[in-house]
Amino acid sequence: MPWLLSSQLDYVSSSPSERQCERTAFSFYCSVRERLPVWLLEDMRCMEVFCWDDGHPRAFLPSEALLYALIHDHQDYAQYLLNRYSVSALRAPRCSYCCCRGSGAPHLSIAVRYDRLVILGMMMAALKNCGEQTKRQDYLDSCGGCSHVADAGKSAVQLAVELSHADCLLLLLVEGARPDGLDAALQRLVSCDVSKRHHAKRCLDYLLLFLPKPPLLQRLEDEPQRWQSLLGNKVFSWLQGVAPPPLLLQALRSLVQFGADRISMLPNFLQLHSW
């Protein structure tokens, strides 16, 4: 599957039944890619599509179907799955490669990697109905996943910073995800191409909005003049712990709690680059 490492493509099924399951799953994958109607996809998933699991075929799970919908941005199908199955559609499927029990939050990672902002918003709405705040927080901050799977060991926030997907990052932070990755965001700012620097700067700005207290970062100590020039005197002084947060930062922190869209609605002179 697209979210697995390329080395896994060498894996060849040995059983005719297992190969038949793979054929049905691939046919379903192509059908989602073609954006076939939701009712037809669900009929296929429930009656025609199978997955090989621990030596036996089983029905294709809603959580597995949601991964396909994410990859191909089939928003109608994603909305149906989340409405019909709620948070159970967000459970990590069992890994078909190593057969270990599913862990982590693969749907969040896929949504961020493919920049599926609309479906990510649907997922955040579904998570609000999951009941326990602790479970919801654990899911948002999860860094789980098998070691052979792409993006294993990274939270959705860290992945968004790495890819400079600023809109996904803001949505995750507004929903309560831990604002990890400040050091990575600074490194990304100076190492990315000029064409991507605007998005990298937005990611850094969004992290700063949600940091209760800036951590001590060695790179700021090592090259103070460079970072002061990049970040501006006010932000640099705050990160160094020698000044309070800029007034605009404090105001935007209050505003963003009412929704991720509030920042983009501000006039240009109040945008994050103004501080």
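Begin by colouring the whole chain by confidence: this is a predicted model, with a mean pLDDT of 85 for the protein, and 83% of its residues reach 70 or more. Then select residues 2–12, where the pLDDT is below 50, although this stretch has 18 contacts in the model beyond near neighbours in sequence. Where pLDDT is low, the predicted coordinates should not be read in detail.

Next, select helix 1, residues 16–33, and check its length: at 1.5 Å a residue, its 18 residues should span 26 Å, and the end C-alpha atoms are 26 Å apart, which agrees. Within helix 1, highlight the buried residues, which are Glu18, Cys21, Thr24, Ala25, Phe28, Tyr29, Cys30, Ser31 and Val32. What covers these residues? Show helix 2 (38–47), helix 3 (62–71) and helix 4 (75–85), together with strand 1 (50–53) and strand 2 (56–59), because the cover of the buried residues of helix 1 includes these elements. Just after helix 1, stop at Arg35, which takes a positive phi of about 55°.

Finally, select helix 6 (residues 117–127) and helix 9 (residues 166–174), whose axes come within 10 Å and cross at roughly 10°. Since angles under 35 degrees count as roughly parallel, helix 6 and helix 9 are therefore roughly parallel to each other. Show side chains where they meet: Leu117, Leu120, Gly121 and Met124 belong to helix 6, while Asp167, Cys168, Leu171 and Leu172 belong to helix 9. The residues of this contact divide into six nonpolar, one polar and one charged.

Note on methods. Residues numbered from 1 in each chain as written. Predicted model: local features only at pLDDT ≥ 70, side-chain atom pairs only at ≥ 80, totals over all residues. Heavy atoms only, no water. pLDDT = per-residue confidence, 0-100. Contact = heavy atoms within 4.5 Å. Axes fitted to C-alpha atoms, helices over the stretch in contact; angles between N-to-C directions. Helix = DSSP H or I, 4+ residues; strand = E, 2+ residues; numbered from the N terminus. Parallel < 35°, antiparallel > 145°, perpendicular 65-115°, else oblique. Nonpolar A, V, L, I, M, F, W, Y, C, P; charged D, E, K, R; others polar. Expected span 1.5 Å × (residues − 1). Buried < 20%, exposed > 50% of the residue type's maximum accessible area, 1.4 Å probe, protein only.
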